[in-house]
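Dear colleague,

I am writing to hand over the structure shown below. My notes on what was found in it follow, and I would be grateful if you would read them beside the sequence.

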Amino acid sequence: MPAVLSNQLVRQRQYTQWGESGYSELEKILNNKDIKAVFQPIVSLLDGNVVGYEALSRGPQGSALERPDDLFAAAEKFNKLWELEFLCRSKALARVKELPKDMMLFINVDPNIINDERFQKGATLEMVAAQDFDLSNIIFEITEKNSIADYKNFRKVLDHYTSQGYKIAIDDTGAGYSGLRLLAETRPQFIKIDMDLVRNIDKDALKQALIKAFYEFSVVMNMKIIAEGIETIDELNTLIQIGIPYGQGYLLQRPAAEFLTIHSLVKENIILKNKQKKQEAFHSPLTMPIGEISRRDPGFPEGITGSQVLEYFNENPHLMGITLLQGEVPVGLLMKNKFLVHLATQYGVAVYMKRSVGSLMDNHALIVDYDMPLEQVSKLAVARYEDSLYDYIVVTQYGKYYGITTVRQLLEKTTQLEINRAKHSNPLSGLPGNILIEEKLQQIIESKEPYSVLYFDLDNFKAYNDTYGFDNGDKILCMTAQLIQLQLKSANIAEFFVGHIGGDDFIAIVHGVDVVPLCQTIIDYFDVRIRGFYTEQDQKVEYIVAKNRHGIEEEYPMVSLSIAVVTSRECKFKTPADLGEAAGAVKKKCKLVWRSCYCID
């Protein structure tokens, strides 16, 4: 039986049970205004700050109508929906003075009362005006689960409210049977994704695809998505990765009578995941840790029985395996398909249901450390036997179980990184281009950590190009790019970034300000390597003859390398532009020297 029909039958039975007593209870609640307003935060998934609250209502504690579902179902049955909604709205708006400044307040509105004359007379407007609250921060939240008979008239009514300054949100998007048409007809400012689509989204590729489609639609239509019902860290992280801007759910904060903020640990996680997401632009499969795409599936003791494992798989149909532990250390993996094969044997159920599954686990499962790069994990994954090729990859951190990742996730992230890198990279050197350079400079400035920025420039390069041709010039550029990267790696610098600004200009960003040995080493190697790009005759005289910009022949020394260095020693830079201006001044000093050199501000 479909879930919708099942719910309707339950409510019909409730109506029968309530009868006159249910009507009396509802009348009592309305007459005594015995409704409690509670508020659940709506949170930015970019920084973890609360941006607004949804006003929810509860009946009297201990009452048969305490639950909001029962309360509103009774009001609908006894034709008291307008009275109940008006009471709930009044209770919520009476609290708006307590709201932090510029916070939004989401108020649930049943589509059936939008056309009610009493609703259109401006009662809400009067209540808001009495509280001196900005109308643009009031959002009417309309549920999608109820059908709308006359979309044209419904849209006119909504236009009436939006013209006054209110905003519209469509609730439970994806749960009802009129969702896409409702979105098209109402053009809301907010789309609230139903919690059923959010539940286990980290494990369900179809749900991920649907949410991505909603997200792309919202970007095109200039709407904002709010994901409802977030209950696990993995769900939250998946939504952040997709780009969903706002979230709501028990993981962030439960509804309460007070205007609560979110849990500090959850906020820290949101900030960290967004930082990691930004960092992905600078990652490649060679540098991105496998732990950053891992899923925090629970681990189980090695002694867990077959019946417990079967129950877990039945309750979590999207999971394809479990990790078995000794204490906190993973010792093996049990994939669902292999477990079910054992149960399907002649005595499988009798043998394994009450016994430990430790004997069935793969004790040679692929177990990797959090910091192992994706590329290295990929090589290990494809080197497994064919029957284990798509088994989970177990991830540890500090020697303890951390979570798992799948081959699909591994391939998707590797492909995504390669595409992103190609999109923003210089086609000749393969190094990140100006967009990523700008982002990295902004990032390092905001970090407040000591850093150095090295600007590399080839001198006499145009004369070389004119004489030896662009193909040979491109070879020098590639050599320079490789040399800079190689020397930075050899210097054992904890973190660095190399980019290609364009032409013969490169940039390196490193942590720390002591870069004198590094600059000298790069110059020494460059001066040796560059000679190989000249003929023996030109190497002997150490110059070439080429025409200058006025068409006059002139002697040009061999290509040399200038390194202009600016550091955070004086912490004077606020923007990448400030940093670039300072580098330009240092570069002028380098140009006064007719050989490879470095200058530090």
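In these notes, contact means that heavy atoms lie within 4.5 Å. Helices (H or I, at least four residues) and strands (E, at least two) are DSSP runs, numbered from the N terminus. The model is predicted, so local features need pLDDT of at least 70 and side-chain atom pairs count only at pLDDT 80 or more, while totals for chains, interfaces and linings use all residues. Residues are numbered from 1 along each chain as its sequence is written, and side-chain values use heavy atoms, with hydrogens and water left out.

Helix 19 and its surroundings

After helix 19 comes G469, which has a positive phi near 95°.

The axes of helix 19 and helix 20 come within 7 Å and cross at roughly 140°. Helix 19 is therefore oblique to helix 20. Axes are lines fitted to C-alpha atoms, for helices over the stretch in contact, and angles run from 0 to 180 degrees between N-to-C directions. Angles under 35 degrees count as roughly parallel, over 145 as roughly antiparallel, 65 to 115 as roughly perpendicular and the rest as oblique. From helix 19, F461, Y464, N465 and Y468 meet F470, N472, G473, I476 and L477 of helix 20. By class, this contact has 6 nonpolar, 3 polar and no charged residues. Ala, Val, Leu, Ile, Met, Phe, Trp, Tyr, Cys and Pro count as nonpolar, Asp, Glu, Lys and Arg as charged, and the others, Gly among them, as polar.

A closed barrel of 8 strands runs 1-2-3-4-5-6-7-8, with mixed pairing; two strands pair if DSSP finds at least two bridges between them. Strand 5 (residues 167–173) and strand 6 (residues 190–193) run parallel and are joined by 3 bridges. T173 has I193 of strand 6 as its bridge partner. Helix 10 (residues 205–221) packs on the sheet and touches strand 5, strand 6 and strand 7 (224–227), its direction making about 175° with that of strand 6.

The axes of helix 10 and helix 11 (residues 233–242) come within 10 Å and cross at roughly 40°, so these two helices are oblique to each other. Q208, I211, K212 and Y215 of helix 10 make the contact with T238, L239 and I242 of helix 11.

Strand 13 (residues 393–397) and strand 14 pair in the antiparallel sense over 5 bridges. Strand 14 (residues 400–405) is largely enclosed by the rest of the structure, because 5 of its 6 residues are buried. The hairpin of strand 13 and strand 14 has 2 residues between the strands, and Y398 takes a positive phi near 55° there.

D362, in the loop between helix 15 (348–352) and strand 12 (367–369), is partly exposed, with a relative accessible area of 24%.

Yours sincerely

How values were computed: Buried < 20%, exposed > 50% of the residue type's maximum accessible area, 1.4 Å probe, protein only.
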